[in-house]
Amino acid sequence: MADSTDVYDLKGLNCPLPVLKARKRLQGLPAGARLWLETTDPLAVLDIPAFCNEAGHIVIETAAIDGGHRFLIERGG
């Protein structure tokens, strides 16, 4: 990670908790803020992008990590 974007550790949580917790965390951020989400839930690769699309957030980057995935989310306006 080349910047100081916060990482929200959602590893060990299963659907729907990663999305619910991500929604709450993103609500507290200003528009344009970025947040890394890390999850081990296999459904997150579908759920996180779908949530972002519905909520107006942008998935900037996705990456596989040991046992899961990372998503760089930019909060929508």
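Leu37 touches Tyr8, Leu10, Ala22, Ile48, His69, Arg70, Phe71 and Ile73, leaving aside residues up to four places away in sequence. Contact here means heavy atoms within 4.5 Å. This is a predicted model: local features need pLDDT of at least 70, side-chain atom pairs count only at pLDDT 80 or more, and totals for chains, interfaces and linings use all residues. Residues are numbered from 1 along each chain as its sequence is written, and side-chain values use heavy atoms, with hydrogens and water left out.

**The core**

Leu37 also belongs to the largest nonpolar core, which has 13 residues. Leu37, Ile48, Phe51, Phe71 and Ile73 have the most contacts inside this core. Four elements each supply at least two of its residues: helix 1 (17-27), strand 2 (34-39), helix 2 (44-55) and strand 4 (68-74). Helix 2 gives the most, with 4 residues. A nonpolar core is a set of buried Ala, Val, Leu, Ile, Met, Phe, Trp, Tyr and Cys residues joined through side-chain atoms within 4.5 Å. Buried means under 20% relative accessible area, exposed over 50%, and partly exposed in between (1.4 Å probe, protein chains only). Helices (H or I, at least four residues) and strands (E, at least two) are DSSP runs, numbered from the N terminus. In soluble globular proteins, nonpolar side chains tend to be buried together.

**Helix 1**

Pro18, Val19, Ala22 and Leu26 are the buried residues of helix 1. They lie on the same side of the helix because they cover an arc of only 90° around the axis. The arc is taken from the directions from the helix axis to the C-beta atoms. These buried residues pack against strand 1 (6-9), strand 2, helix 2 and strand 4. Exposed Lys24 and Gln27 sit on the face turned away from the buried side. Pro16 lies in the loop between strand 1 and helix 1. The peptide bond from Cys15 to Pro16 is cis, with omega near 10°.

**Start of helix 2**

Ala44 and Val45 both have places in helix 2. Ala44 is buried, with a relative accessible area of 2%. Val45 is partly exposed, at 36%. Ala44 touches Thr39, Pro49 and Phe71, not counting residues up to four places away in sequence. With that exclusion, Val45 touches His69 and Phe71. Ala44 and Arg70 are 26 residues apart in sequence and 9.5 Å apart in space, C-alpha to C-alpha. Val45 and Ile65 are 20 residues apart along the chain, with 12 Å between their C-alpha atoms.

**Strands 3 and 4**

Strand 3 (residues 58-65) and strand 4 run antiparallel and are joined by 7 bridges. Two strands pair if DSSP finds at least two bridges between them. Val59 stands opposite Ile73 in strand 4. The two strands form a hairpin with 2 residues between them. Gly67, in the turn, has a positive phi of about 80°.

**Charges over rings**

Two arginines sit over aromatic rings, as listed here.

| Arginine | Ring | Distance to ring centre |
|---|---|---|
| Arg25 | Tyr8 | 4.5 Å |
| Arg70 | Trp36 | 4.0 Å |

A charge sits over a ring if NZ of Lys or CZ of Arg is within 6 Å of the ring centre and within 35 degrees of the ring normal. A search of the whole structure finds 0 aromatic pairs. For such a pair, the ring centres of Phe, Tyr or Trp (its six-membered ring) must lie within 6.5 Å.

Technical notes:
Phe/Tyr/Trp six-rings, centres within 6.5 Å; stacked < 30°, edge-to-face > 60°.
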